[in-house]
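Thanks for coming, everyone. Let me put the sequence and the model up on the screen, and then we can walk through some of the side chains together.

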Amino acid sequence: ICTHITAANVAVSARMILREAFPIICVPTDYEVEGLWPHLHTDLFCVANEHMAETLRPRKVPEKRICVTGIPAAPDFAREYDREATRTELGLPQDKQVVLFLAGATLPRPYIHFRRATDELLPFMHRFKEMHFVIVAGKDADYEATLKRLVKDHDLSNVTVLGYVNGMAALMSASDLIVCKSGGLTTTECLCVDVPMILLGRAYGQEKANVSMLTSTGAAFHVTTTRELYDLLLQIEAHPQMTEAITYNAELIRRPDAAMEI
């Protein structure tokens, strides 16, 4: 079972070279099927939606080798959590809109632009009286320290900085809004926990396809600049009902049990 193009091609090559018969299942973890997937030598494609299936058909993938399952997420993201208890445990307010920024990753380079926009927004976060911001820095201790210093310098009482979070699914479920990159797995996790998302930054390659799918179905907001993000947050703070349509549309495409189905 291959969730990456490289793994899929290595498996196909191994089967050809060794002349051994073992099944190969490809599970693309974005909302489009790149041309580098081994189409003709895959026994089954498990894809996120019908649009991806339509991409495979012209590439001569037989219908019996295509299954629409959704993108798999960890089982934690299919569970229900006590929202109030999670907020209490993390010291988050119960009476504010909690806006979660997912700025942490094992590899920081893809997050350079995302973090820059987050840092640019920090000095203005005090203006949001009805929102409490949570910024997750992940395993990047240096970035976590930088964020905490900036929060202290700007005297931001409505901002919480976290490092690596074990209970990420619970934290996401306890949030009212998630600001994230447009990666396939991250956006899928947002869909699974049923929390509206703002996709931040210009997207390229597969992430561009993710943005296109999520915004065309009305399942996510998308902004490319700090100014756009600031303006959108102001609108959502004043009119929280703006996210209701996003949540409803996301419900139509979410598949929290995709891993089990695959």
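Let's begin with Lys-148, which is partly exposed at 42% relative accessibility; in this talk, buried means under 20% relative accessible area, exposed means over 50%, and partly exposed is in between, with a 1.4 Å probe and protein chains only. Lys-148 meets the side chain of Glu-144 in a salt bridge, 3.0 Å from N to O. By salt bridge I mean a side-chain nitrogen of Lys or Arg within 4 Å of a carboxyl oxygen of Asp or Glu. Glu-144 itself is buried, with a relative accessible area of 19%. Both residues sit in helix H5 (residues 141-153), four residues apart, which is about one turn of the helix. When I say helix or strand, I mean DSSP runs numbered from the N terminus: H or I of at least four residues for helices, E of at least two for strands.

Elsewhere, salt bridges with shared partners link Glu-50, Glu-54, Arg-57 and Glu-63 into one network. Within it, Arg-57 bridges to Glu-54, with the closest N and O atoms 2.8 Å apart. Arg-57 is partly exposed at 28%, and Glu-54 is partly exposed too, at 47%.

Before I go on, a word on what you are looking at: this is a predicted model, where local features need pLDDT of at least 70 and side-chain atom pairs count only at pLDDT 80 or more, while totals for chains, interfaces and linings use all residues. Residues are numbered from 1 along each chain as its sequence is written, and side-chain values use heavy atoms, with hydrogens and water left out.

How many salt bridges are there by this rule? The count comes to twelve. Another one of them joins Asp-176 and Arg-83, at 2.3 Å from N to O. Asp-176 is in the loop between helix H6 (168-173) and strand S7 (177-180), while Arg-83 is in helix H3 (residues 83-90), so this pair ties together parts that are 93 residues apart in sequence. Asp-176 is partly exposed at 26%, and Arg-83 is partly exposed at 34%.

Cys-190 is buried, with a relative accessible area of 1%. Cys-192 is in no disulfide either, and the nearest cysteine sulfur to it, that of Cys-190, is 9.3 Å away. Cys-192 is buried as well, at 3%.

Cys-180 also leads us to the strands, where it stands opposite Leu-199 in S8. S7 and S8 run parallel and are joined by three bridges; two strands pair if DSSP finds at least two bridges between them. On S8, Met-197 and Leu-199 point one way and Ile-198 and Leu-200 the other, and all are buried. As a reminder, side chains in a regular strand alternate between the two faces of the sheet.

Is Ser-182 buried or exposed? At 4% relative accessibility, Ser-182 counts as buried. Leaving aside residues up to four places away in sequence, Ser-182 touches Thr-187, Leu-199, Ala-203, Glu-207, Asn-210 and Val-211, with contact meaning heavy atoms within 4.5 Å. The side chains of Ser-182 and Glu-207 are joined by a polar contact of 3.2 Å. A polar contact is a pair of N or O atoms within 3.5 Å; within protein, one must be able to donate a hydrogen and the other to accept it, and residues adjacent in sequence count only if both atoms are side-chain atoms.

Next, please find helix H10 (residues 242-253), where Thr-243, Ile-246 and Ala-250 are buried. Seen down the axis of H10, the buried residues fall within an arc of 55 degrees, so they line one face of the helix; the arc is that of the directions from the helix axis to the C-beta atoms. The face turned away from that buried side carries the exposed residues Glu-244, Tyr-248 and Leu-252. What do the buried residues of H10 pack against? Their partners are S7, helix H7 (184-193), strand S8 (197-200), strand S9 (221-223) and helix H9 (226-238).

Last stop: an open sheet of three strands, in the order S1-S2-S3, with parallel pairing. Strand S1 (25-26) and strand S3 (66-68) stand at the edges with a single partner strand each, so one side of each is left without a neighbour in the sheet. Strand S2 (residues 44-47) is joined to S3 by three bridges, and Phe-45 has Ile-66 in S3 as its bridge partner.

Terms used. A disulfide is a pair of cysteine sulfur atoms within 2.5 Å.
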